[in-house]
Amino acid sequence: MFLLIYSYAWVFHLISYMSKGFSDKESLGVLNKDVREWFTSNFKELTMPQSFTFKLVSEHKNILVAAPTGSGKTMSGFVAILSDLFNKASRDDLKEGVYCIYVSPLRALNNDIYKNLSKPLEEIYKLSEKNAKSSKVTIAVRTGDTPQKDRQKQLKHPPHILVTTPESLAILITSEKFAENLKLVEYVVIDEIHELANNKRGVHLSLSLERLRSMIGHDFTRIGLGATLYPLDEAAKYLVGCNEDGTSRDCVIIDASWGKKLQVQAISPVKDMIYTPDEKIEQNTYSIINDIIKKNKSTLIFTNTRSGTERVVFNLKKKFGYNEDIAAHHGSLSRESRLEVEELLKAGSLKCAVSSTSLELGIDIGSIDDVIQLGSPKSVTRAVQRIGRAGHKYKSVAKGEIIVLNRDDLVECSIMLDAALKRHLDSFRVPMNALDILSQHIVGMSITKKWDVKEAYSVIKSSYPYSKLPYEDFIATIRYLSGEYVGLESRRVYGKIWYDEKENTFGKRGKMIRPIYMLNLGAIPDEVSVNVFDTKTKKWIGNIEEEFLTRLKQGDIFTLGGRLYRFEYAKGMRCYVSTAVSAAPTIPPWFSEQLPLSYELAIEIGAFRRNFSETIAKHFKKSALKLASKMPKEVSEMLGSLPIDSNASKAIYGYFVEQLLFAGSVPNDKLMLIEITKDPKSGQNLAIFHSLYGRRINDTLSRIIAIHIGRRLGTDVGIMINDNGFLINTEGTLKPSDIEEAINSMVGRDPEPLLKSNIRKTEIMKRRFRHVAARSFMILRNYKGYKLPVGKQQINATLLIKAVESIDKDFPVLKETYREIFEEVMDLPRTKSLLKSIKSGDTKYKIIKTQIPSPFAHSMITFGHADVVLMKERHEYLKYLHKMVIKRINASK
């Protein structure tokens, strides 16, 4: 078992003498007698994380625990805390007040923790009663669902352990009465920290903790628990925050991430993915799934979309007679339905549950024997997280299969699982300097007292996501919130705080600020379905998700109700389209649900492409075509080292051989292949950029390239992106010189100003501005008991964006919108690094002309057809393209 323990606030090093943790005697010796008796009577041994945490938490050390499901993470964080509380009780020193706050991103997880801790508390209390120590340690849950009578009870008699969410904590620290109950806090436990540290909910929580620390006047022990975290030092910095001098506070990191063995495989359901009929592929896929379900007591299946989840459940019931022993679990189902499925799994009453993402996290669902992933989960971390749900017990094996239905995904999943076995994870990023979340907390701080600006700035900078916040951005945000810009009052945007520039102080403005803060805080935006109308007839056609609308660009073709439509424009919550004639879809309807390929995995796949194609190329002789039938030994050994079945091995080999024979090059991590060709079906002129960097970088890069090509040709260009690259279509024929010129222009300047002007009129800018404006309290979602409909919010946002642009191009709300798009939706920082690499020659590009698209381009050409309605048509087109490729290869012998 691989395990590290180190403190990043000191010199980074492996403390080898602690590689086996403390002894059981040392670990159990720090516990209260009754807690120790309870623990040893319920557990045979300490798990690896527990062999460190019991002693470290008892010494009030900040710790970050990275360990898989079933490794006793929860108890590793809580047992020493319970011990401390029962010690206080035994000394009659346990006062009324909150000593420990447990925070998780999921309300369902909060309920689990409450149940899982309530029983130990009762059992330990009975033991302590025997020893004439009768003080009770109490626990309670506080979320948005908590009934009013329970809230009143908690106010009068606060629990010693408070289980809550980031949003509820932000309310409690601003609540004048309840804040008094938090003065005794000694511990904060953050569970599923990997699901918070990489988004604005986590940023919100980080600021709440620093405000809590400032409010109670002392520090507290911080315990972070997560399953799949990388880099660990970044997660630790997020957890503990910063000292006044900007250095990170102390934290001990316990890395038991790989304490559970993985048994994984990528499976191709058929030998030939191109010519096997759809019916046969489906039959084999469901037969494989059914065989796995029958072999195990409990199986968990993950799909990548909610519609996919429903489809799998329906087909398994229809084909194999499953009834009440199989169920779906996803976010579109009611909370009651999801809870029922979770309880059935825990009770062992379900043979199989099918989920999209809702069962990824550590919700207690009992013991799972096997996890099946249908299609690529798009990141190593997500694959490990999902497959890690199997083998819920300590020292058990996590067993899982990924069933893949196309050749690109086959390569992707093979390298993904290989990376998992090599203990590689994708890195996460903490959003830095989010000015909308900052706005909320400045308002929240103003409610509690009159603040000196520099004191407030110091508190905010102690939160890691704001450790490098420029002072001018902080002041600009205060000026906005103070209502300094008179032009905004005509748009009904009024000051929330007062700001005295001479005294350098600020505070709340008016009695309504407290309810405004309480009713509008949070990081999750309001989103609803968007109505789709025909531009000419104004007839209603159907609905699409708003997130899907944000991905649409004018001219995009998509399917709705089995028909093709061209996106024209959107107004408020209405989307206007025209009927698309003789056009291929440019974006599948599930595109907004599909998670993007991680950058790290994309680079690993690119490296494999380079090494594997070079190995194959060594064996190219006059009889190169024979390679397809007989695999060279060296090639076979490379594929044999991957966790794949024989069907997958042959499919990958054939795929690479065809690309090399047809195009002479395989795009990889060091080579961007650019292919000028035509779509044989539509006759469109295409430039296909084989840029395997993931969708976020390709989204950014494609826009920059398209702008330069469009300017050079004096015409609009169409774009279609996916994880493996992007294609640009033009009315006129593209020449290699056009692309050369576009690339030279692109690498020679900062792309940010160009991108800003490009996205200003797009739907993603309009929608994201609304989200940021709502989080910044510029648009109030709730006011005086009235909930503002999302449609009206969007209309207000459209007017406000023009107003703030006229005030200042760097207005905080506008600045944050661009930051969010460039860093969280796209990936501008890495795109800039790529452009530098192209300029220096470290990343090369090669332009080729082909009469038909090369094999590696086929998935991109048919990407828009990846919808249930068009799946058969897509498969037929793939066969047609493949036949054309083979014909060309044979003709060139």
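The structure holds 53 salt bridges, and the model you have open is a predicted one. Side chains of opposite charge can pair when their charged atoms come close.

Start by selecting aspartate 526 and arginine 781. Their side chains form a salt bridge, at 3.8 Å from N to O. What does this pair tie together? Aspartate 526 sits in the loop between helix H19 (513–520) and strand S18 (529–534), and arginine 781 in the loop between helix H27 (763–775) and strand S27 (782–783), so the bridge ties together parts that are 255 residues apart in sequence. Both aspartate 526 and arginine 781 are buried.

Next, select glutamate 876 and lysine 879, whose side chains meet in a salt bridge at 3.2 Å, N to O. These two residues are three apart in helix H32 (residues 871–891), which means that about one helical turn separates them. Glutamate 876 is partly exposed, at 44% relative accessibility, while lysine 879 is buried, at 16%.

Now go to glutamate 824 and arginine 819. Here the salt bridge is 2.4 Å, N to O. Glutamate 824 is partly exposed, with a relative accessible area of 30%; arginine 819 is buried, with 11%. Both belong to a network of salt bridges. To see other members, select Lys200, Asp436, Glu547 and Arg551, which are among them.

Finally, turn to the cavities. There are seven of 30 Å³ or more.

Conventions. Residues are numbered from 1 along each chain as its sequence is written. This is a predicted model: local features need pLDDT of at least 70, side-chain atom pairs count only at pLDDT 80 or more; totals for chains, interfaces and linings use all residues. Side-chain values use heavy atoms; hydrogens and water are left out. On a 1 Å grid over the protein atoms alone, a cavity is a set of points where a 1.4 Å probe fits but cannot get out, and a pocket is an open set with protein on both sides within 12 Å along at least five of seven lines; lining residues have an atom within 4 Å of a point. Grid points are joined across faces, edges and corners, and a volume is the space filled by probe spheres set on the points. A salt bridge is a side-chain nitrogen of Lys or Arg within 4 Å of a carboxyl oxygen of Asp or Glu. Helices (H or I, at least four residues) and strands (E, at least two) are DSSP runs, numbered from the N terminus. Buried means under 20% relative accessible area, exposed over 50%, partly exposed in between (1.4 Å probe, protein chains only).
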